[in-house]
Amino acid sequence: MTLSQKEKMLAGEMYNAADPEIQADLLVTGAWLKRYNETLGSPADDWNALLLERLGEVGTGAVIRPPFHCDYGFNIKLGAYVYINFNCVILDVAQVTIGAGTAIGPSVQIYTADHPHDSEDRQAGLQLGKRVKIGKDVWIGGGAIILPGVTIGDNVVVGAGSVVTRDIPAGEKAVGNPARLRR
């Protein structure tokens, strides 16, 4: 059985993002983002209703303050009482899971989107995604960047402006570029 380009994307395999089904999903999400981002100044209940329309999972009390940007939305899973501040970007070609009680500062960027290292594959328009998992009760400071494939354990603190290139075990603090554990 041959997988569609979207099925390849969701499975973490190389796929062609120019595929019509994928492009259609991007257009739907773009229209949804336009509506969502126009709610700046509205009550959080309005945001929650819209998040439930598009995201894969939205826990009780989860908040994303607009403006917000993502690729698809349906690959994002938020636990209860997740708080994401202004200007967050989540490139969700693969699953992004954010655990309950996690707080994410302004302008944080979470990337699952990756590109092949082989130039011929890139020239052919191929891409891939690697899931990102963020545990419970994590604090990610403003302007941090989380790269594809990273797992951040429970009760972690990521310093503002840090670039997380590797997994961070539970209970640790990580700062810098690249983020390093600080004890």
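Does lysine 6 count as buried or exposed, and at what relative accessibility? In this predicted model, lysine 6 counts as buried, because its relative accessibility is 17% and the limit for burial is under 20%. Lysine 6 forms a salt bridge with aspartate 25, and the closest N and O atoms of the two are 2.8 Å apart. Aspartate 25 belongs to helix 2 and lysine 6 to helix 1 (residues 5–10), so the contact ties together parts that are 19 residues apart in sequence. Aspartate 25 is buried as well, at a relative accessible area of 14%.

The structure holds five salt bridges, and two further examples are described here. Glutamate 38 forms a salt bridge with lysine 34, with 2.9 Å between the closest N and O atoms. Both partners count as exposed: relative accessibility is 54% for glutamate 38 and 55% for lysine 34. In another pair, the side chains of lysine 77 and glutamate 57 meet at 3.6 Å, N to O. This pair links distant parts of the chain, with lysine 77 in strand 5 (residues 76–78) and glutamate 57 in strand 2, 20 residues apart. Lysine 77 is partly exposed, with a relative accessible area of 25%, and glutamate 57 is partly exposed at 43%.

Helix 3 spans residues 44–54, and its residues Trp47, Leu50, Leu51 and Arg54 are buried. These four residues lie on the same side of helix 3 because they cover an arc of only 105 degrees around the axis. An α-helix has 3.6 residues a turn, so residues three or four places apart point the same way. Asp45 and Leu52, on the other side of helix 3, are exposed. The buried residues of helix 3 pack against helix 2 (20–37), and also against strand 2 (57–58) and strand 3 (63–64).

An open sheet is formed by three strands in the order 1-12-11, with antiparallel pairing. Strand 1 (15–16) and strand 11 (113–114) stand at the edges; each has a single partner strand, so one side of each is left without a neighbour in the sheet. Strand 12 (residues 126–129) pairs with strand 11 in the antiparallel sense over two bridges. Within this part of the sheet, alanine 113 is positioned opposite glycine 129 of strand 12.

Terms used:
Residues numbered from 1 in each chain as written. Predicted model: local features only at pLDDT ≥ 70, side-chain atom pairs only at ≥ 80, totals over all residues. Heavy atoms only, no water. Buried < 20%, exposed > 50% of the residue type's maximum accessible area, 1.4 Å probe, protein only. Arc of directions from axis to C-beta. Contact = heavy atoms within 4.5 Å. Pairing = 2+ DSSP bridges. Salt bridge = Lys/Arg side-chain N within 4 Å of Asp/Glu carboxyl O.
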